[in-house]
Every structure is written in C-alpha cells, then in structure tokens.
Amino acid sequence: MARSSSHRSTPPPRSQLRIIGGQWRGRKLQFAAVAGLRPTGDRLRETLFNWLQCSLPGTRCLDLFAGSGALGLEALSRGATSVDFVELNAQAAHTLKEQLQLLGAFGAQVHNCKAHDFLASTSKRYDIVFVDPPFADNLWQESLDALESHLAPEALVYVETPRNTALPTPPHWQLDKEKSTGQVCMRLYHCAPSRPDDH
C-alpha cells in the first residue's frame, strides 16, 4: 500500500542569494531559512567588496558567523585563496557545504561549531575576517577580543552591527571605512601589529 503524502518528510525551507562579482558572478545559491539568519544584502556586499577589491586576491579569510556564507562565498569568487566558514546551526552549515560542492570551491572548509570554540581550537592566522553575528546575541566584543591572536600582520576585519552600536577595539586597530545603511552599520578595520605599549 502506498504511503499517503502526509507521511512524507518535508525538506527544510531554503532561500536564495546571488553572488555579485568574480568568477561566480550572477550564480544563485541556496541557504537554509533558519531563525536569526540574516545574509548581508546585495548593496552592502557590493560596498564591502568595493572596499576590499584590491586586497582580496591570494588572501586567507575567515567568515566567523557564516550563516548563508554570503561574505565568504563572495571572497572566494573574487580571488581569496581560502575561506574557513564557521557556523553553529547544523542545518545552515550542511546547506553551505552543499553549495560549496556545487561550485567546486577549492580552499573552503565549513566548521559546524561556536565561533569562540573554533578560535580556541585553531592556530591559523587570517588576512581578512568577516564578523557578522546574529544581532540579538551581542557577540561582537567577545569575538573581536578572541580574534587578536588569529590576525596576520596588516589584517583587515569587517564588522557588521546595528546602527549606532559602540564598538571598542584595540588601540592598534584603525577604522579604515565606515558606512551606515538603514539600521545597519558596516565598519572595516586595518589591524596594524600591536606595540608593547598597546597592552
């Protein structure tokens, strides 16, 4: 006897994002539609990667709260050598792995764990880091503090926050670019090597 359709498992809902530049320009990819996942919009991504366009080729990148993977995928498309995607939600991490396989993306690795746990377990250093945590969780400060030992000399750190959010940073971090759009503030920091008197 055939099973009724009511017994069939329903696939988890998915949404789409579009890569806006580089080798995969125009490709539409899926991401898991999970609560709190808020991909950086096309206009903000375009602004960010205009800021980064001369710095990206050959870099090692970290997408610390990857979610849809929009920022790390854009970086790979535009010439980054490698990207570590860190995502706590298992469904989002699984979907991101699928999309990377569809693209045949080399140099990409997905880590299904907390951002803090990943940073505590790795000795890697990165040239560019994307920090865009769920706004409701208020994880910016602990994330930036934990990043210090994982930054290559002259690293760039992108941070996305709600508008008007105060963001204390180490003295040797220089605010390179800043822009507010709607309720979102985007900041790009240039992290010069720290000096003994910075501590």
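Rings of Phe, Tyr and Trp (its six-membered ring) pair if their centres lie within 6.5 Å; planes under 30 degrees apart count as stacked, over 60 as edge-to-face and the rest as tilted. By this rule the count comes to two aromatic pairs. The model is predicted: local features need pLDDT of at least 70, side-chain atom pairs count only at pLDDT 80 or more, and totals for chains, interfaces and linings use all residues. Residues are numbered from 1 along each chain as its sequence is written, and side-chain values use heavy atoms, with hydrogens and water left out.

**Stop 1: the sheet**

Colour by secondary structure; helices (H or I, at least four residues) and strands (E, at least two) are DSSP runs, numbered from the N terminus. Seven strands make an open sheet in the order 5-4-3-6-7-9-8, with mixed pairing; two strands pair if DSSP finds at least two bridges between them. Strand 5 (108-111) and strand 8 are the edge strands, each pairing on one side only. On average, neighbouring strands of this sheet are turned by 15° against each other, direction ignored.

Next select strand 6 and strand 7, which run parallel and are joined by five bridges. I128 has L156 of strand 7 as its bridge partner.

**Stop 2: helices across the sheet**

Show helix 2, which lies across strand 3 (60-63), strand 4, strand 5, strand 6 and strand 7 and runs at about 170° to strand 4. Axes are lines fitted to C-alpha atoms, for helices over the stretch in contact, and angles run from 0 to 180 degrees between N-to-C directions. Contact means heavy atoms within 4.5 Å.

**Stop 3: the cores**

A nonpolar core is a set of buried Ala, Val, Leu, Ile, Met, Phe, Trp, Tyr and Cys residues joined through side-chain atoms within 4.5 Å. Buried means under 20% relative accessible area, exposed over 50%, partly exposed in between (1.4 Å probe, protein chains only).

Select L52, F85 and F130, the residues with the most contacts inside the largest nonpolar core, which has 33 residues. Among the elements that each supply at least two residues of this core are helix 1 (42-52), helix 3 (90-103) and strand 9 (184-191). Helix 2 gives the largest share, five residues. A second, separate core has 22 residues, including L64, F118, Y126 and L167.

**Stop 4: the aromatic pairs**

Select F49 and F130, a tilted pair with 5.9 Å centre to centre and 45° between the planes. This pair links distant parts of the chain, with F49 in helix 1 and F130 in strand 6, 81 residues apart. F49 and F130 are buried. Beyond F49, the residues that F130 touches include L48, C61, L71 and Y158.

Move to W173 and Y189: their ring centres are 5.8 Å apart and their planes at 55°, so this pair is tilted too. W173 lies in strand 8 and Y189 in strand 9, 16 residues apart. Both are buried.

**Stop 5: backbone and loop**

Most residues other than glycine have a negative phi. E154, not a glycine, has a positive phi of about 65°; select E154 in strand 7, where it counts as partly exposed at 43% relative accessibility. N164 is likewise not a glycine and has a positive phi of about 70°. N164 sits in the loop between strand 7 and strand 8 and is exposed at 73%.

A166 is in the loop between strand 7 and strand 8 (173-181). A166 is exposed, with a relative accessible area of 67%. End with a distance from A166 to Q141: 9.9 Å, C-alpha to C-alpha, across 25 residues of sequence.

Note on methods. Lists of a residue's contacts leave out its neighbours within four places in sequence.
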